[in-house]
Amino acid sequence: MRLDPEILDGPPEIGARVLALARLADAEDAVAPLADPQRRDALPAFRAAVRRLAVALEAGLPALAGALAEGRVARVEASVPRSPPWRDADAVAGWLEGIRTDLPAPYRGALDWLLDRVERRRRAAAEEAAGEAARRFRRLAARLRDELTARPAPGRRPGAPATLALALAGALRARTRALREAVIALAGPDAAGLRRVREQAARLADLLEPLRAAAPKAADALDALRPLEDLLAAWHAAAAGEAAVDGALLEARAEEARRGAAAIAGLRPGLLALLRLARERAGAAWTRLAAEHLASRATPATDAAYAAAAALESPGEDEDAEAGPPTAPERRFLVTAIPPEGRGGDAEELEQGWLPGEARESVGVTRSPLGEQFFHARAPGRGRPGRIETIDRAGFEAFWPLTEGRRIAKRRHLVAAAPGWHFDEYLDRPLVLAVAEEGNAEEPPPWLEPVLVREVSAERGYLDEALARRPARRTG
C-alpha cells in the first residue's frame, strides 16, 4: 500500500483511519486462503497481515483515542495463533527443500520423512487458523471496521499531532528505539533475543512500507533494514530447522520402539546429518549478524529510520535538492475593475468545484477558443506542487454534482501589455483580482494603480478554495 502526500499532510484522525482500514482490508483478504491446506504461505501471510494491522492501529492511537474500544490493539494481536509447537512449520519446510541438494543422497530419505511430518503439522496449523482463529478475526474485524468508519469527533484532542505525518514520525521514532533496544539487549546467539530483534525489525518495516512512495527517506530506511531482515530470516529458518530435527529424533526413537529398528533403517543417521547442517547454517547466520549488524548496534538501519522520521517532521528540506530554490507563489491583488490595458488579450473561462472530504480535491473545466478541457486537481503538500490531471467529460460529470455549494466560476484575461500578469474576473460574485503568476517578481505596472485596492496574497480568504465555500452571488 502507499500513503499519498495529501493523506500525510491531512488531519491525523482521518489519515490514521485510512491507514488502518487499508491494513484491515489486507488482513481480511488473508483469511480466505487459510481454508486451503495446500497453501503453505497462507498462515504466515495471515500472521503478517494481522501484525501490520496492529502496527497501523498502534501508530494511529494518538489520533484514534476514543474511537477504538479499550484494548482493541491487544485483541487484534491475540487473534493470531501464538507460539504453537509447530508454528514455524512453513519456515522449516522451506528450509528443508532449500538444502536438499546440499545433503548427501543417502540421507535424503530422512529429509523426506521429516518433510512429510512437517507438512502434516503445517496443515493442522492451517486448519486451526482457518477454523476458530479465522472466525474470531472476522468477528473482531467487523467491530473494528464499525469503529474506524464512524464519524470522527470534531476538533483535535489536546496535544495530538497536527498531521498524520507528525503522528507517524513519532511512531517511527518509538519503533526504531524498540529495535535498537532489542539489539542492545542481545547477549550472544540467544534464540528468544534474536526473535525479539526479528519481530521489532519486521514492525519497523511495516511502518515504513506505506511511506515509501511519499517519503524517499522511508525507502532509504527500508533498503538499509532489508539486509538485517534477510539475515534474521536465514537464522530463523535454520534455528527452526534445528528445533524440528531435535523433535524428530525423539519421534524416530519412538517409532523404533513401536515398530522396530528395521522399519526405519537409516533414518537416524540422516536426521543427525540434518541436525549438523542446521547448526552450521544457524551458526553462520549468527556470525554474519554479529559482524555486520549487531556489533554496530544496527546503527546504519536505525540511523536511516531516524532520518525518515525527521523528514516527516520537516518535509521538503532535503527533497528535490537539485531542482533549485522553490518557485515563489503567485501574488494576488484586489482591484475594483479591469483597466483597459488588461483587456484585449486571450481569455478563457473556468469552472471549478471542490469535493467533500479532507483531501482538498477539485474538478473543473476550462473553456477557450480551442474547446473544453476537463481536469482533476489535488492541492500541494509535503513541499511538492499539486497535481492536475486531465480527465474526460464522463469523469467530470460523475464528480461535478458532488461539488454543489463549493464552486467558483471566473474568466481569466491574459495581459498582452505585461506578460506574467492576468486578471481573474469572477462570474459568480462581484470580485476581480490581478494576479502576478508564479515566479514573476515584477511590481504592479503603473497603469494598475488607479484600480488597485491592496495586495491580498497573504489573505487565505481570497484563495479560490476559500471563495468556493462562500455563497456565490452572480453580478448583473
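At 2% relative accessibility, A16 counts as buried, where buried means under 20% relative accessible area, exposed over 50% and partly exposed in between, computed with a 1.4 Å probe on protein chains only. The model is predicted, so local features need pLDDT of at least 70 and side-chain atom pairs count only at pLDDT 80 or more, while totals for chains, interfaces and linings use all residues. Residues are numbered from 1 along each chain as its sequence is written, and side-chain values use heavy atoms, with hydrogens and water left out.

A16 belongs to helix α2, residues 12-29. Helices (H or I, at least four residues) and strands (E, at least two) are DSSP runs, numbered from the N terminus. Leaving aside neighbours within four places in sequence, A16 is in contact with G60, A63, L64 and L164; contact means heavy atoms within 4.5 Å. The C-alpha atoms of A16 and E58 are separated by 9.7 Å, and these two residues are 42 apart along the chain.

## Helix α3

E58 is also the site of a kink of about 35° in helix α3 (residues 42-64), shortly before the proline P62. The bend at a residue is the angle between axes fitted to the seven residues ending there and the seven starting there. Of the 23 residues of α3, 17 are buried, so this helix is largely enclosed by the rest of the structure. After α3 comes G66, with a positive phi near 95°.

## Packing of α5 against α9

The axes of helix α5 (residues 89-98) and helix α9 (residues 216-259) come within 8 Å and cross at roughly 95°. Axes are lines fitted to C-alpha atoms, for helices over the stretch in contact, and angles run from 0 to 180 degrees between N-to-C directions. The pair α5 and α9 is therefore roughly perpendicular; the class covers 65 to 115 degrees, with angles under 35 degrees counted as roughly parallel, over 145 as roughly antiparallel and the rest as oblique.

On the α5 side the contact is made by A91, V92 and W95, which meet H236, A237, A238, A240, G241 and A244 in α9. By class, the contact of α5 with α9 has seven nonpolar, two polar and no charged residues. Here Ala, Val, Leu, Ile, Met, Phe, Trp, Tyr, Cys and Pro count as nonpolar, Asp, Glu, Lys and Arg as charged, and the others, Gly among them, as polar.

## The loop between α10 and α11

R297 is found in the loop between α10 (267-294) and α11 (299-313). Its phi is positive, about 60°, although R297 is not a glycine. A298 lies in the loop between α10 and α11 as well, and has a positive phi of about 55° although A298 is not a glycine.

Is each of these residues buried or partly exposed? R297 is partly exposed, with a relative accessible area of 37%, whereas A298 counts as buried at 3% relative accessibility.

## The nine-stranded sheet

Nine strands form an open sheet in the order β5-β4-β3-β2-β6-β7-β8-β1-β9, with antiparallel pairing. The edge strands are β5 (387-391) and β9 (452-455), each of which pairs on one side only. Neighbouring strands of this sheet are turned by 30° against each other on average, direction ignored. Two strands pair if DSSP finds at least two bridges between them.

Strand β3 (residues 361-368) and strand β4 (residues 371-378) run antiparallel and are joined by eight bridges, with H376 in β4 as the bridge partner of V363. Six bridges pair β2 with β3 in the antiparallel sense, and Q352 stands opposite G364 in β3. Strand β2 (residues 347-354) is also joined to strand β6 (residues 407-414), again antiparallel, by seven bridges; A347 stands opposite H413 in β6.

## Strand β1

Five of the five residues of strand β1 (residues 331-335) are buried, so this strand is largely enclosed by the rest of the structure. In a regular strand the side chains alternate between the two faces of the sheet. Both faces of β1 are covered, with R331, F333 and V335 buried on one side and R332 and L334 buried on the other.

β1 pairs with strand β8 (residues 432-436) in the antiparallel sense over five bridges, and V432 in β8 is the bridge partner of V335. Three bridges join β1 to β9, which run antiparallel; in β9, E455 is the bridge partner of F333.
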